[in-house]
Amino acid sequence: MRNQFLKAAFLMLLTCGMGFLVSCSDDDGPDKGGDGTVPQTILDAFQGQYGDTRATWTTKDGYAIAEFSGDKGKATAWYALDDARWGMTETEIPFASLPQAITAAIGESAYADWIPDNEVDVLERNGSEKLYVVEMEKQGVDVDLYFTEDGVLVNEYVDTDGKGNDYTGYLPQSPESGIHDWIGQHFPDARIVDIDKESNGTEVEIVQDGMKHEILFDASSNWIRTKTEYGHHNYPDVVRTSVQTRYPDYHIDDVDWYETTTDSYYCVEIERGDREKKIYLDETGEEINRPSTGDVNIGGGDVTVDSGLEAVLNEKYPDAVVVERDYDDGCIEIEIRHDGREKEVLFNFKEEWLYTTYDIRPDELPEAVKASLTERFGANAYWDDDIECVETPEGTFYEVEVYDELDVYVSADGNIIRVED
């Protein structure tokens, strides 16, 4: 497996006390505040944790970083320079040694037919959830999947630059007191996965009861929204029954439960063949219009996307607001608000635009499309709200449900491309 942390060139070697040999280097450099040494308090903390172990040291971003061979093999440990507090240790284990819950989760995911790397990185963190990072590859694309020990997939990252990950973003953080108290009250058994602090708010990712929860707070630590992600085996019965009743030809792909200051509802992604749609249900299973998501402008207004994706969005959908980024069946999915609509923009892992979909009303269909549908299926065959506009690099077409049983694909000039039962 590629090394998952950045190694600096060694600037000097020296023998440190306490009965073990340590080599020290300065990753920051004197011009950035590093003095090329590791405080004795950190060496003492390391020896207390790992005994008389030979280590190579660097300093970076307020941490002293030890690289060494431990009982479980090659390892890296982080200690805070200011107080010698241990933050995190990364070790490597064979893929075959993964907990069964993780291998089962991979087998049930969209990555089931991807090829795993032989080595898995394990992140043990001070006061935060232990994570297993599994690198998967398919057709030259690498994806890092972050799992908890009980098989909850908490994050997915595409390796677009080939540089790997040094995991500094997963060093433990502590939420502010108000946020800490709120989580303790509402999720008493929470295990923290990640904390993202920005000028306009904080997002805390936790796991509890085998599910991932994303909790959003504003800049004053006031709760805004909680998003709970359901796994494939624990979809609520009320959701399953509602989908089976209203959309019997569809199957459930994903279920999220949102709680905001004003609403509580399910966001359900359903599929039929290559047709996907999102529906929204209240707690009783009744279908509703999409409520407010309770979003706060984290990080200056938009959800962070890679620069290559942002360039495409700016070109095709100027002034769009990015609502959410996700990975869906091997694609990068960006949800945006543009021209008063919710649109889903899909890219492959090479950041190439694949297509964009959004719902439209029947009266918004081009005249050529309406004429073609009327001629073949009759004037009232398609007058429901189940119509999608699909923009692709090859052109725009429309997916129209006719007679509640046929999916008709029509190009913008009225050519019926195909009809599916």
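Which residue lies over the face of Y409, and at what distance from the ring centre? R418 does, at 4.0 Å from the ring centre. A charge counts as over a ring when NZ of Lys or CZ of Arg is within 6 Å of the ring centre and within 35 degrees of the ring normal.

A word on the model comes next. The model is predicted, so local features need pLDDT of at least 70 and side-chain atom pairs count only at pLDDT 80 or more, while totals for chains, interfaces and linings use all residues. Residues are numbered from 1 along each chain as its sequence is written, and side-chain values use heavy atoms, with hydrogens and water left out.

Now the aromatic rings. Searching the whole structure gives 19 aromatic pairs. Rings of Phe, Tyr and Trp (its six-membered ring) pair if their centres lie within 6.5 Å; planes under 30 degrees apart are stacked, over 60 edge-to-face, and the rest tilted. Y247 and Y250 make an edge-to-face pair, 5.8 Å centre to centre with 85° between the planes. Y247 and Y250 are both buried. Buried means under 20% relative accessible area, exposed means over 50%, and partly exposed lies in between (1.4 Å probe, protein chains only).

Y409 also has a ring partner. F397 and Y409 form a tilted pair, 6.1 Å centre to centre and 50° between the planes. This pair links distant parts of the chain: F397 sits in strand β24 (residues 395-402) and Y409 in strand β25 (residues 406-411), 12 residues apart. Helices (H or I, at least four residues) and strands (E, at least two) are DSSP runs, numbered from the N terminus. Y409 has a relative accessible area of 2%, so Y409 is buried.

Elsewhere, ring pairs join F46, Y50, W57, F68 and Y79 into a cluster. K343 lies over the face of Y358, 4.5 Å from the ring centre.

Turn to helix α4 (residues 237-246). V239, S242 and V243 are buried there. Viewed down the axis of α4, its buried residues fall within an arc of 95°, so they line one face of the helix. The arc is taken from the directions from the helix axis to the C-beta atoms. D237, Q244 and T245, on the other side of α4, are exposed. The cover over the buried residues of α4 includes β15 (251-260), β16 (264-272) and β17 (275-281).

Last, the cysteines. The structure holds 0 disulfides, a disulfide being a pair of cysteine sulfur atoms within 2.5 Å. C267 counts as buried because its relative accessibility is 6%. C389 is buried too, at 3% relative accessibility.

How values were computed:
Contact means heavy atoms within 4.5 Å.
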